[in-house]
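Please look over the model below before reading the points.

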Amino acid sequence: MNDNDLIKEVRSASNIVDVISSYLPLVKKGKNYFGVCPFHDDNNPSMSVSEDKQIYKCFSCGASGNVFNFVMDYEKIDFKSALYLLAKRSGINVSNNLVKTNNKNDKFYEIYNIAEKYYQNNLNTSLGLEAKSYLHNRGIDDELIKHFKIGLSLKEQDGLVNLFVKKNYSIKDISLIGLSNMDKDLYINRIMFPLFNTNGDTIGFSGRIYNMKSDSKYINTRETLIFKKGENLYNYHLAKDEARKEKSLIVVEGFMEEVRAAQIRKENVFLRGFGTFLIKRRKEKKGRNITKNTTIVIPAHDIPAFKPSPAFQRL
C-alpha cells in the first residue's frame with residue numbers, strides 16, 4: 001500500500017461527524033450537524049459539519065476543512081500525526097515506512113525512545129529488584145509500571161552515554177537534549193518517569209530518588225528543543241480523551257498519586273506540574289480546548305499545595 005492508498009483508506013474509515021463528535025457535542029439540524037467552534041471563543045454553535053460532503057466550516061471564524069484538517073488544528077499536530085491518530089482510531093495498521101517526513105528533531109525523539117527502553121530494561125533486571133520492590137510497596141504493580149513505562153537509571157555514571165556512543169550518536173546531541181552532562185549520565189540511581197507530549201512521544205524524564213538521600217527528590221529534564229514545560233502535562237496524552245467523555249479533569253500533585261489513580265480506573269487524571277499548559281492554551285483560544293465545558297477537580301489532599309492563579313480559576 002502506498003501513501004495515497006493509505007490516506008484514502010483512513011479518510012473513508014473516518015466519518016467526520018463521528019470524529020468531531022468525539023471531541024465536542026454536535027446537534028443535527030436538517031442535513032447538517034452543528035456545534036460550538038473550538039477554534040475561537042464561540043458562545044453559539046457556529047460550526048457546521050456536513051456528513052454528505054465530509055467537511056466542516058465555522059461561519060464565524062472561517063475555520064474549515066476535512067477530517068484531517070480538524071484533527072490537525074484541534075490537536076495542533078502535523079498531517080503525519082493526524083493520519084496515524086485517525087488510522088489507530090479506525091483500527092487500520094500503519095507501517096512506519098509510510099508517510100515519512102523530514103523533521104530536524106526526529107533524531108532527538110529517537111534518542112529519547114532508546115533511553116526509555118534502556119531505563120525500562122534496567123528495572124527488569126536483577127539490578128532493578130530494589131527499585132521495583134520500592135514501587136510495589138508504594139502500590140504500583142507491574143501492570144502500572146508497564147503502562148506508564150517506568151524505568152530505572154543505574155548507579156554507573158556513563159551507562160546511557162556509552163550505549164549511545166555504541167549506536168553512533170554524538171555526545172553533543174545527548175547533552176543538548178538533556179540526558180547527560182557531556183560524557184556523564186545526568187540521571188544516576190533514580191526511578192525514571194518518562195514525560196510525554198500530546199502524541200505520546202517521550203520527550204523528557206523525571207528521575208526520583210528511592211534508596212538514597214539527596215537535596216533533589218526529583219530531577220526533571222530541562223527545557224530542550226522538544227520539551228517545553230509550559231506546553232506539557234504528565235499523562236495528558238492518556239487523560240485527554242477520557243476527560244472529554246467524563247467532562248472532568250482530576251488534577252493531582254505528584255507522580256505517585258497520578259500512577260495510583262490509574263489503578264482505580266481514573267483515566268482522566270493528570271499531574272499539574274510542568275508549567276501553565278491549561279492557562280496558556282486558553283489564552284491562545286485555539287487547539288485542544290479540553291477545558292471548555294469541563295470541570296477541573298482538585299482532590300482535597302492536594303488543595304493546600306495548590307495555588308491557582310486567577311487565570312486558572314477562570315478556566
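1. Contact here means heavy atoms within 4.5 Å. The model is predicted, so local features need pLDDT of at least 70 and side-chain atom pairs count only at pLDDT 80 or more, while totals for chains, interfaces and linings use all residues. Residues are numbered from 1 along each chain as its sequence is written, and side-chain values use heavy atoms, leaving out hydrogens and water.

2. The protein has 13 helices and 14 strands (DSSP runs numbered from the N terminus: H or I of at least four residues for helices, E of at least two for strands). Of its 315 residues, 47% are buried, meaning under 20% relative accessible area with a 1.4 Å probe and protein chains only, whereas exposed means over 50%.

3. Helices H5 (residues 106-123) and H8 (residues 159-166) pack with axes 11 Å apart, at an angle of about 130°. That angle makes H5 oblique to H8 (the class left after under 35 degrees for roughly parallel, over 145 for roughly antiparallel and 65 to 115 for roughly perpendicular).

4. From H5, Ile111, Ile114, Ala115, Tyr118 and Tyr119 meet Gly159, Leu160, Leu163 and Phe164 of H8. By class, this contact of H5 with H8 has eight nonpolar residues, one polar and no charged; Gly counts as polar, while Ala, Leu, Ile, Phe and Tyr are among those counted as nonpolar, and Asp, Glu, Lys and Arg are charged.

5. In helix H6 (residues 129-137), Ala131, Lys132, Tyr134 and Leu135 are buried. They lie on the same side of H6, because they cover an arc of only 155° around the axis (taken from the directions from the helix axis to the C-beta atoms). Exposed Leu129 and Asn137 are on the face of H6 turned away from its buried side.

6. After H6 comes Gly139, with a positive phi near 85°.

Terms used. Axes fitted to C-alpha atoms, helices over the stretch in contact; angles between N-to-C directions.
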